[in-house]
Amino acid sequence: MEELFAAAATARARAWAPYSGFAVGAALRAESGRIFAGCNVENAAYPLSQCAEASALGALVAAGERRVLEILVVGEGPPPCVPCGGCRQRLAEFAAPEAPVGVALPDGRLLLRTTLGALLPFPFRFRSETAVVGESALDRLREAARALSPVAGLVLGSGLGAVAERIEPVLVVEAREIAGFPVPSVAGHRGRLILGRLAGVPLLCLEGRAHLYEGHPPAALARPVRLLRELGCHVVVLASAVGSLRPAVPPGSLVLVSDHLNLQGANPLVGPADERIGPRFPALDDLYDPGLRALLHRAAGEIGLELAEGVLAAMLGPCFETPAEIRMLRRLGADLVSMSMVPEAIAARHCGLRVAGIGVVTNLAAGLAAAPPSHAETLARAAAAADELARLLVAALPELARCA
Ligand code: HPA
């Protein structure tokens, strides 16, 4: 990697880019171990310029080499200076889909590590699922957020990753790369932060969430939403798989959370108070912001989506409830039940974010359906409903950004 960087950076310093001012260097490791580098070469017919990757590939082929094992591009960012669609195809003539592709900043920091196969289906963007950034990920996220100014946060629970795929990513960070960030351990929760745009709105999506039942300390669950606030978001949309206590609201429905019953026996604000973040004793009236709910109802109406409202009971898990507990919850006024969302909602309100909660009904709660609930069912149903959730978000986000 160091050798590749040195070669690409040297080539970049020689780039001919008087029209765009955007100098790029690329280095390719050939099968023989030799490294070939190139830079971009512009001309007055600017769109017909030669990319750095193409220059490097020309040198490699002219030297009689035929296999490219590794690719590194050096350019300004963020966003990462990824190979263009043409160069992806050029490289594919000589490199396997598994060939690693790195994109580094001129100062040597690696911004993106992916593979050629992951880049290929797209002309310019990169597929978020394979983007990985290395050390000091939080610094890079802060830097990229300063440039993008995300207005909204989006937290996606079980099986809702398809929504994340709609985001045009600018930077993707693995949760495990951020010190102190609670990393999900459950199937269906990716544990990534995607900074990018959805429906043109700059946002930060937390794909996959951590739960109390995984053993995370309650206070750790405040960290993701506080990060959203720190990075400039004003609004957060929390989406979770939920069980429905109302047979009239079947699996596949989307339900706006209007209020909650916190029966988890835990609260993310327990511990020393930090008044810089929020008050010691926050009120939770209208926690699920009425203005955002009205906005989401309007957006749902515009796209012909039925959107119920209901009270969410939050249980610790990881067991699904007993039928007797569900009967109890019904009497207590719950319409939905889940093992998540509530700690984040509390922490988000506490640090000043406006909160919307969307339950994605994955099952009828215990005792209400012929078969008992299961995680496999939760994931499958959530995945099936993710498109509807994405449709709703795309319809709502532009207005949501305005009210942020
Ligand atoms: N109970 C608790 N959490 C859930 C359920 C449920 O039935 N479905 C999805 N998350």
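Modeller: Helices and strands here are DSSP runs numbered from the N terminus, helices being H or I of at least four residues and strands E of at least two. The model is predicted, so local features need pLDDT of at least 70 and side-chain atom pairs count only at pLDDT 80 or more, while totals for chains, interfaces and linings use all residues. Residues are numbered from 1 along each chain as its sequence is written.

Biologist: Which strand gives the most to the shell around the ligand?

Modeller: Strand 10 does, with 3 residues. Strand 10 (235–244), strand 13 (336–338) and strand 14 (354–364) each contribute at least two residues to that shell.

Biologist: And how many residues surround the ligand?

Modeller: There are 14, and the closest are Ala241, Gly243, Val337, Ser338 and Pro373. A residue is near a molecule if its C-beta atom, placed from the backbone, lies within 6 Å of it. By type, the shell consists of 8 nonpolar, 5 polar and 1 charged residue. Nonpolar covers Ala, Val, Leu, Ile, Met, Phe, Trp, Tyr, Cys and Pro, charged covers Asp, Glu, Lys and Arg, and the others, including Gly, are polar.

Biologist: What is Leu389 in contact with, leaving aside neighbours within four places in sequence?

Modeller: Leu389 contacts Leu160, Val163, Ala239, Leu254, Ile358 and Val360; contact means C-beta atoms, placed from the backbone, within 7 Å.

Biologist: Which residues of helix 2 are buried?

Modeller: In helix 2 (residues 52–62), the buried residues are Ala52, Glu53, Ser55, Ala56, Leu57 and Leu60. Their cover includes helix 1 (2–13), strand 1 (25–30), strand 2 (35–39), strand 3 (68–74) and helix 3 (85–92). After helix 2 comes Gly64, with a positive phi near 90°.

Biologist: What is the strand order in the open sheet of 5 strands?

Modeller: The order is 2-1-3-4-5, with mixed pairing, where two strands pair if DSSP finds at least two bridges between them. Strand 2 and strand 5 (110–115) are the edge strands, each pairing on one side only. Strand 4 (residues 100–104) and strand 5 run antiparallel, joined by 5 bridges, and Gly102 stands opposite Arg113 in strand 5.

Biologist: How do strand 11 and strand 12 run, parallel or antiparallel?

Modeller: Strand 11 (residues 254–263) and strand 12 (residues 307–315) run parallel, with 9 bridges; Leu263 has Met315 in strand 12 as its bridge partner. Strand 11 pairs with strand 14 in the antiparallel sense over 3 bridges, and Val255 has Gly359 in strand 14 as its bridge partner.

Biologist: One last item: why does Gly196 count as buried?

Modeller: Gly196 counts as buried because it has 23 C-beta neighbours inside 10 Å. Gly196 belongs to strand 8 (residues 192–198) and touches Ile167, Glu168, Pro169 and Val170, not counting residues up to four places away in sequence.

Conventions:
Two residues are in contact if their C-beta atoms, placed from the backbone, lie within 7 Å. A residue is buried if 20 or more other C-beta atoms lie within 10 Å of its own, exposed if 12 or fewer, and partly exposed in between; C-beta atoms are placed from the backbone.
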